Amino acid sequence: MPTPKEFLEDVIRPTLMGINKHSIVAEQLLLGTAIQESRLKYLNQLGGGPALGYFQMEPNTHDDIWKNYLAYRNHLAAKVCAVGEISTTNLPDSTILASNHRYAAAMARVHYLRVPATLPLAGDINAIAGYWKQHYNTYGGKGTIDEFVINWQKAGAGALF
């Protein structure tokens with residue numbers, strides 16, 4: 001189980017740089033997403049659900065990103081594969097989301113790239129939490145904005161920026 005600092009420095013930051021989508025707010029969004037979704041602890045969804053990896057992405061979401069977004073953005077798709085050190089010849093199997101953390105981070109970022117809304121300002125954790133809720137967890141999901149902020153604070157993530 002990585003610490004937030006280790007996950008940021010070893011996974012999130014190099015991934016964002018590797019796919020040319022780096023910014024401080026993107027770092028905060030991905031770190032907050034992983035902390036909220038898995039507490040940087042669970043690689044499989046509790047209760048036997050389908051979500052995988054620290055970002056708890058579901059296989060259907062993974063496959064949809066490939067079929068309806070990355071399939072039309074070959075340059076970005078190649079970068080996602082490169083940061084994950086995986087082949088570009090076949091659609092990656094979603095099960096690697098649980099073991100290939102850079103790939104999972106890249107896919108989480110691409111998930112957010114599909115959103116037409118502008119990212120919130122860096123450091124505005126309430127707005128970042130709202131962005132996560134609306135565009136990743138959705139309003140039907142169990143997570144809340146307040147829970148995201150509390151988990152961010154408990155993890156000491158704010159001290160990393």
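Colleague: What am I looking at, an experimental structure or a predicted model?
Modeller: A predicted model.

Colleague: Okay, start with α5. Which residues does it cover?
Modeller: Helix α5 takes in residues 101-113, which is 13 residues.

Colleague: And how far does α5 reach from its first C-alpha to its last?
Modeller: It reaches 18 Å. That is close to the 18 Å expected at 1.5 Å a residue.

Colleague: Is α5 mostly covered or mostly open?
Modeller: Mostly covered. Of its 13 residues, 10 are buried.

Colleague: Which ones are buried in α5?
Modeller: Tyr103, Ala104, Ala105, Ala106, Met107, Ala108, Arg109, Val110, His111 and Tyr112.

Colleague: What covers those buried residues of α5?
Modeller: The cover includes α1 (4-18), α2 (24-38) and α3 (59-68). It also includes α4 (74-84) and α6 (125-137).

Colleague: New topic. How many salt bridges does the count come to?
Modeller: The count comes to 4 salt bridges. Let me take you through some of them.

Colleague: Go on. What does Glu9 form a salt bridge with?
Modeller: Lys5. The closest N and O atoms of Glu9 and Lys5 are 3.9 Å apart.

Colleague: Where do Glu9 and Lys5 lie?
Modeller: Both lie in helix α1. They are 4 residues apart, about one turn of the helix.

Colleague: Why does that spacing matter for which way residues point?
Modeller: An α-helix has 3.6 residues a turn, so residues three or four places apart point the same way.

Colleague: Next one. What does Arg13 form a salt bridge with?
Modeller: Glu27, with the closest N and O atoms 2.6 Å apart. This pair links distant parts of the chain: Arg13 is in helix α1 and Glu27 in helix α2, 14 residues apart.

Colleague: How accessible are Arg13 and Glu27?
Modeller: Arg13 is partly exposed, with a relative accessible area of 26%. Glu27 is buried, at 0%.

Colleague: And what about Asp64, which residue does it form a salt bridge with?
Modeller: Arg114. The closest N and O atoms of Asp64 and Arg114 are 2.6 Å apart. Asp64 lies in helix α3 and Arg114 in the loop between α5 and α6, so the pair ties together parts 50 residues apart in sequence.

Definitions and conventions: Residues numbered from 1 in each chain as written. Predicted model: local features only at pLDDT ≥ 70, side-chain atom pairs only at ≥ 80, totals over all residues. Heavy atoms only, no water. Helix = DSSP H or I, 4+ residues; strand = E, 2+ residues; numbered from the N terminus. Expected span 1.5 Å × (residues − 1). Buried < 20%, exposed > 50% of the residue type's maximum accessible area, 1.4 Å probe, protein only. Contact = heavy atoms within 4.5 Å. Salt bridge = Lys/Arg side-chain N within 4 Å of Asp/Glu carboxyl O.
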